[in-house]
Amino acid sequence: MCGIMGYVGDKNTTAIILDGLAKHEHRTYDSAGIAVIADGKIHETRTIGRISKLAKKVKEEHFSNGFGIGHTRCATHGEVTENNAHPHISSDNKVVLVHNGIIDNAQEIRTDLEAKGITFHTETDTESAVQYLAYVYEGDPKEAITKLTKRIRGSYALVIMFSDKKDEIWTASKGSSIVVGHTNKEGFCASDPSALLEFTNDIWFMDDNELALINKDGCKFFDFDGVEHFKETMHLDWNATMANRGNYAHYMLKEIHEQPHTVAQTLLGRVADNKVDLSNDLDWTPEQAKGWKRIHFVACGTSHYATVSAAHIMETFGTFDIRTEIASEYSYRNIPIGPDTLAIFVTQSGETSDTLLAARLAKSKGAKCLVITNVRDSTIHREVGDALITPAGPEIGVAATKTYTAQLTMLVLLGMYLAKLRGNLKEETEIRLIEGLTSMPAKLASLLEQEQEENIEKIARNFADAKGFFYMGRSLAYPPCLEGALKLKEISYLLAEAYPAGEMKHGPIALLDKDHPIIALVPKNILWEKTMSNIEEYMEKGSPIIAVATVEDEEISRYTKNIIYTPETEPELFSFVAAIPLQLFAYYIARQRGCDIDMPRNLVKAVTV
Ligand code: M6R
């Protein structure tokens, strides 16, 4: 997924853009480029590879002042070459732009313009936009851009400069996100809001079919017919330090370590006196809650696995008819959805297109919709309205960690609150779980102590050459296996399968051997004996065992020496204490294997296509 940074102001434009691009480094990219306009001329530098390489190249060419745009490209149309890297400049050298998204009718526009004698220089779809703009430009940028938006089809966040318009940056957005900010005679735009945090927390999220003009005096917003409108700024309660790696080797490790804090933050204001209360977030009445006969959780990836844990927990309260659905399937099946459905969409980024499409479907069928997201005012939040915002702060590592436990926390609170509104939450259950949740930050902190981490690192070192892993647990200990296996797959590129321990014998047992270790999740208070009897059987097939067991479980050492102990907790809350060991295990395996942990191959932080 490409990244964009734009700047207009009196500071070192090049440095600010390069720094802003570096803040997008967690997005997969293959090449990068920057263009600055100074003295009416476009100065451009592009390169294949890292932003650090671009920075060296830019220095050699000595340009720094002016106003400019930068881009990190993840190739879709055209190979990974310097020539295909953005920014792209029109043949008459008057317009320069960067683009995220895909222009569907690029070829048609190109053929038209080539017939008019315009020469194209790249293989990209983006070039059709810049050449078309130059073709229709008669000195009025807004007029030319509105013409462009009527001519192109597809999804785009475009950031555009005209060489004869000093200190002006234009953006156009449709189906691809971009944020804009302004402070003290400086204007910015970026793909990722965290790139603007060191300048301002008050930003504008561009809507679909919207244009913006950014200059030193401020920002103006227009629709695609060029009509200006007022737009409220959104205040981001994130800070720049949250988006820094600090002394950690990777963002993922830093974010794993932030979890005691983020879980505590999520509880804040929602629990008091051993009671759950979400009335500050939701204006639901008991009558409404009783009217929802079906609960649909809809999400992708880690967010989906958080909902699977939540559904297992909510089942224990009784009376809920719950489905946990993968968003990319939800929209294409004939699942009954109606006004008696409460559809809950969980998405860290708030930009995942499958989840967004599923939300639109549920809304159109009259379901009551709610979003749980980490990004306030993200697209799904704006479209759905009702939301619970997880206060995990920006998550930079592609592999979700702290947002997963923040989602878990919010989901457990929501499940309890709903049950309470429906009159189904026993007082002793509420007290027991709230006590469990409030003691959770301390328990998570104990899992991050140096000794614990060293033990996990050592186990990971011993197993880094395995061909694949099986994660097993039963009942409430099964959903965390799904998330643990996903973590390992995405950052270490090893096959990892999660199975309910009792299900292995129905086929996958055939795969067990010494090269396929089993990670057995065996908390003392969740079907310990049944799980261990399964594990014993699987050990006979030669698979080594790594046990995630409850502290002081002495019996487990009869089965294996590879033990990761977790603190005792309520069975319903086991997913929390399982999360950190499994995240650390995946992290250290990936580290042993020399993988690019924060930017795993083929993955992006938000899947917006
Ligand atoms: O932003 P979302 O929560 O909607 O993202 C969903 C998945 O793409 C995401 O969880 C993905 O699986 C992560 N890479 C997991 O670490």
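This is a predicted model: local features need pLDDT of at least 70, side-chain atom pairs count only at pLDDT 80 or more; totals for chains, interfaces and linings use all residues.
A polar side-chain atom of K487 lies 3.1 Å from an oxygen atom of the ligand. A400 takes part through its backbone instead, with an N or O atom 2.8 Å from an oxygen atom of the ligand. On its own, the ligand has 410 Å² of accessible area, and the protein covers 91% of it.

Now widen the view to the site. The ligand sits in the second largest pocket. Domain 2 (248-438) and domain 3 (448-593) each supply at least three residues to the shell.

Which residues come nearest to the ligand? Of the 14 around it, they are S303, T347, S349, T352 and E490. By class, the shell holds seven polar residues, five nonpolar and two charged.

Next, turn to the backbone, away from the ligand contacts. Most residues other than glycine have a negative phi, and most peptide bonds are trans. Two spots depart from that pattern. The peptide bond from H86 to P87 is cis, with omega near 0°. P87 belongs to the loop that links β4 (67-73) and β5 (88-89). The other spot is N184, which is not a glycine but has a positive phi of about 40°. N184 is also a loop residue, placed between β9 (179-183) and β10 (186-190).

Conventions
Residues are numbered from 1 along each chain as its sequence is written. Side-chain values use heavy atoms; hydrogens and water are left out. A residue is near a molecule or strand if one of its heavy atoms lies within 4 Å of it. A polar contact is a pair of N or O atoms within 3.5 Å; within protein, one must be able to donate a hydrogen and the other to accept it, and residues adjacent in sequence count only if both atoms are side-chain atoms. Accessible areas come from the Shrake-Rupley method with a 1.4 Å probe; for residues, only the protein chains shown count as cover. On a 1 Å grid over the protein atoms alone, a cavity is a set of points where a 1.4 Å probe fits but cannot get out, and a pocket is an open set with protein on both sides within 12 Å along at least five of seven lines; lining residues have an atom within 4 Å of a point. A molecule sits in a cavity or pocket if more than half of its atoms lie within 2 Å of its grid points. Ala, Val, Leu, Ile, Met, Phe, Trp, Tyr, Cys and Pro count as nonpolar, Asp, Glu, Lys and Arg as charged, and the others, Gly among them, as polar. Domain bounds come from an automatic or database domain assignment. Helices (H or I, at least four residues) and strands (E, at least two) are DSSP runs, numbered from the N terminus.
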